[in-house]
Protein chains: 2
Amino acid sequence: MAGKNEKRGNVNLSEVARAAGVSKMTASRVLRNASGFSAETRDKVMKQVDRLGYVPNRIAAAFGSEQTSTIIGVSVPYLSSSLFGAVLDSINNSLARLGFQTMIGAHENSAETEEAWVRSMLSWRPAGLILSGHSHTRTTRELIKAQAVPVVEIWNLNTSPIDLSVGFNHFDCGYEMGLYIIGKGYRNIGYVGADAQAPGMGAFRRNGFVSAMKSASLELGAEELLHDRSGFYAGFYGTENILNRRNDIDAIYYQDDSMAIGGIFYCQSIGMKVPGDIGIAGWGSIEAASVLPQRLTTTVVSSQAIGKTAADALIARVRGEPVEDIIITPTRLAPGNTI
Amino acid sequence: MAGKNEKRGNVNLSEVARAAGVSKMTASRVLRNASGFSAETRDKVMKQVDRLGYVPNRIAAAFGSEQTSTIIGVSVPYLSSSLFGAVLDSINNSLARLGFQTMIGAHENSAETEEAWVRSMLSWRPAGLILSGHSHTRTTRELIKAQAVPVVEIWNLNTSPIDLSVGFNHFDCGYEMGLYIIGKGYRNIGYVGADAQAPGMGAFRRNGFVSAMKSASLELGAEELLHDRSGFYAGFYGTENILNRRNDIDAIYYQDDSMAIGGIFYCQSIGMKVPGDIGIAGWGSIEAASVLPQRLTTTVVSSQAIGKTAADALIARVRGEPVEDIIITPTRLAPGNTI
DNA sequence: TAAATCCACGTTACCGGTAACTTAATTAGG
DNA sequence: CCTAATTAAGTTACCGGTAACGTGGATTTA
């Protein structure tokens with residue numbers, strides 16, 4: 001009798017219940033802290049739980065009730081990105097606090113990869129999903145709607161979301177920075193980005209920026225889109241390229257702060273003064289910028305706020321509480337002294 | 001009949017099987033690509049799968065068989081850290097490729113937080129776990145052993161692991177760097193770190209470093225342990241502190257590259273030349289260092305290799321294939337020109 | 001004091017797959 | 001040509017919880 005059940009050290013509810021001299025259902029009620037048991041019974045059950053080392057089986061629970069899935073699928077472009085790392089940390093923190101588990105996926109800015117992930121994710125019958133892809137395939141949308149699973153699209157504000165959207169408008173970020181730079185008197189402005197092979201949100205900012213220039217009857221003096229991931233080195237290299245092609249560029253708008261910092265270092269390395277010889281602006285306000293001798297002109301984004309807001313909104317929806325469909329998390333142009 | 005099952009757009013195997021005119025079991029075999037069905041039958045089933053939009057239920061599958069859980073729990077200190085971000089990315093990539101799902105947890109260097117996570121994780125009956133905490137509570141170890149779940153401890157090499165260990169020796173990294181710096185003629189060396197409230201692996205490197213100094217009959221000239229997370233700013237600030245206390249320090253070893261870079265910037269900001277006035281060394285080889293005007297003296301660690309090796313080893317163990325218990329991923333002291 | 005209510009707990013059925021076993025038909029082998 | 005092996009299915013039982021409902025005794029209410 002002992003030997004048979006010790007195949008894997010797995011004790012189940014029935015054994016706990018039997019040991020405590022109650023029914024399986026009563027033990028279940030105690031463990032879920034539902035009502036319908038006396039304090040005395042609870043103590044009896046909990047004593048056996050401890051003695052037998054019972055580990056609840058959430059797979060069985062999720063299977064049995066369909067209400068009790070506490071899995072939340074979270075999809076981001078990359079796990080190794082300082083901006084998304086902070087979003088993930090914040091989401092995971094909020095979810096864990098609320099008793100939910102995070103299953104992650106990295107789509108690398110490919111809508112097809114995202115679709116494959118969503119498909120496999122849905123078979124876990126998650127309580128909800130958090131997506132950060134900038135666009136989804138038609139199948140992705142259909143799959144999600146067919147399963148009627150709550151979803152929050154984060155990062156970019158989607159004005160007609162599948163379900164909920166938490167974020168801000170990337171186009172507007174670019175537009176605002178465009179007007180700012182033009183207002184400072186720059187006229188021959190370049191753009192350096194790094195997601196040409198699979199455009200992410202940076203493309204929206206770039207378009208907003210170009211649009212601002214158009215509104216002042218200007219156009220991009222030069223553009224460098226590396227087939228690479230954004231990063232310090234990509235910024236360094238991209239700046240080298242663009243300045244080799246056009247030496248009359250007086251300012252550069254970068255896809256993000258990492259690249260802008262790389263750009264500053266390139267300029268430094270060839271003896272160009274920032275902002276004396278060239279103006280530089282980034283986006284995203286990463287921590288690395290805080291140690292630069294100059295304060296980088298950038299757009300401040302709160303990754304933490306997005307993560308927490310998204311997690312809270314999703315769980316509210318999961319629980320059937322009322323939620324705003326579209327929640328804007330503010331961004332702020334932070335003037336520095338690199339422009 | 002139609003209305004009743006359309007409660008949630010959920011189609012189950014029975015319905016697919018009925019529509020295809022076969023038994024549930026045959027449909028199951030087709031979907032798992034097991035043997036025991038004809039090409040004709042497969043086409044019939046797959047046609048209905050597409051027509052009805054069947055999404056398999058992995059919760060039910062995992063529940064029914066116990067062999068088919070494809071959940072892997074992965075625990076790291078923080079999700080928003082460039083080093084662990086790369087490890088996570090690599091783990092997730094490898095696992096996804098092998099058909100496994102990653103459930104994450106962040107323990108923030110607290111063994112108690114890790115224990116709570118392990119407890120909740122085990123109730124999902126995962127196929128395996130990847131842990132990166134530098135030490136575990138006794139309960140954590142007991143829980144894992146009782147459930148007989150495969151585990152890989154990563155990052156720090158554990159010479160008596162619970163199950164498997166993939167990583168390298170942090171003490172040795174510090175020791176090696178200590179000898180190197182002493183060999184360059186420095187004598188009054190400081191250490192700047194940032195995990196005093198919950199020591200992570202950096203503490204081992206620091207101890208290795210101190211040990212190297214002892215072997216040369218030296219001791220730390222000064223030490224600054226910030227109650228903060230490691231990062232550029234912590235390095236900047238820590239350097240300011242340590243140099244204000246002792247202005248005769250001729251070199252500083254940092255907990256990691258982020259902090260070392262922060263240190264370089266602080267020195268630059270007060271007009272100290274690196275390495276003329278002070279030598280600086282970091283650890284971890286993060287990308288940010290690649291854009292510095294000087295090449296940072298550091299220890300190169302392949303986060304990617306650790307992630308992939310750990311994932312592969314774990315899955316081999318899950319599948320019952322033979323695996324090395326202890327796998328060392330190499331590190332390399334990379335001399336730069338900051339020392 | 002009888003009826004209504006509440007409480008603590010038990011019983012039954014079921015969630016959606018899969019393992020293990022069985023059966024019928026086909027093919028191979030001597 | 002008859003038996004053994006192989007293949008393509010079907011049947012049955014079960015995984016470990018939870019929802020829904022049932023029951024008997026204690027307490028409250030009219």
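The model is predicted. In it, 47 residues of chain B are in contact with 47 residues of chain A, and 27 residues lie around DNA strand D.

**Contact between the chains**

- On the side of chain B that touches chain A, at least two residues each come from helix H5 (58-65), helix H6 (82-97), strand E2 (101-106), helix H8 (138-147), helix H11 (232-245) and helix H12 (257-269) of chain B.
- The element that gives the most to this side of chain B is H6(B), with six residues.
- Sorted by class, the side of chain B that touches chain A holds 25 nonpolar, 17 polar and five charged residues.
- Strand E2 (residues 101-106) of chain A is joined to E2(B) by two bridges, and these two strands run antiparallel; within this pairing, A:Met103 has B:Met103 as its bridge partner in E2(B).

**Surface near DNA strand D**

- Of the 27 residues around DNA strand D, those that come nearest are A:Leu13, A:Ser28, A:Gly64, B:Ser23 and B:Thr41.
- Two or more residues of this surface are given by each of helix H3 (24-32) and helix H5 (58-65) of chain A, and likewise by helix H3 (24-32) and H5 of chain B.
- H5(A) gives the most to the surface near DNA strand D, with five residues, and the class make-up of that surface is 10 nonpolar, 15 polar and two charged residues.

**The parallel sheet of chain B**

- An open sheet is formed by four strands of chain B in the order E7-E6-E8-E9, with parallel pairing.
- Strand E7 (222-225) and strand E9 (279-281) of chain B each have a single partner strand and stand at the edges, so one side of each is left without a neighbour in the sheet.
- On average, and with direction ignored, neighbouring strands of this sheet are turned by 15 degrees against each other.
- Strand E6 (residues 189-193) of chain B is joined to E7(B) by four bridges, and B:Gly190 stands opposite B:Ala222 in E7(B).

**Helix H10 of chain A**

- The 14 residues of helix H10 (residues 202-215) of chain A should span 20 Å at 1.5 Å a residue, and this agrees with the end C-alpha atoms, which are 20 Å apart.
- Buried residues in H10(A) are A:Gly202, A:Ala203, A:Arg205, A:Arg206, A:Gly208, A:Phe209, A:Val210, A:Ala212 and A:Met213, and what covers the buried residues of this helix includes helix H9 (170-183), strand E6 (189-193) and strand E8 (251-254) of chain A.

**Backbone details**

- Most residues other than glycine have a negative phi, and most peptide bonds are trans.
- A:Glu108 is not a glycine, yet has a positive phi of about 50 degrees; it is found in the loop between E2 and helix H7 (111-122) of chain A, and its 16 C-beta neighbours inside 10 Å make A:Glu108 count as partly exposed.
- In chain A, the peptide bond that joins A:Val274 and A:Pro275 is cis, with omega about 5 degrees, and A:Pro275 is found in the loop between helix H12 (257-269) and strand E9 (279-281).
- In chain B, the peptide bond from B:Val274 to B:Pro275 is cis, with omega near 5 degrees, and B:Pro275 is found in the loop between H12 and E9.

Notes:
Residues numbered from 1 in each chain as written. Chains lettered and ligands numbered in written order. Predicted model: local features only at pLDDT ≥ 70, side-chain atom pairs only at ≥ 80, totals over all residues. Pairing = 2+ DSSP bridges. Axes fitted to C-alpha atoms, helices over the stretch in contact; angles between N-to-C directions. Contact = placed C-beta atoms within 7 Å. Nonpolar A, V, L, I, M, F, W, Y, C, P; charged D, E, K, R; others polar. Near = placed C-beta within 6 Å. Expected span 1.5 Å × (residues − 1). Buried ≥ 20, exposed ≤ 12 C-beta atoms within 10 Å, placed from the backbone.
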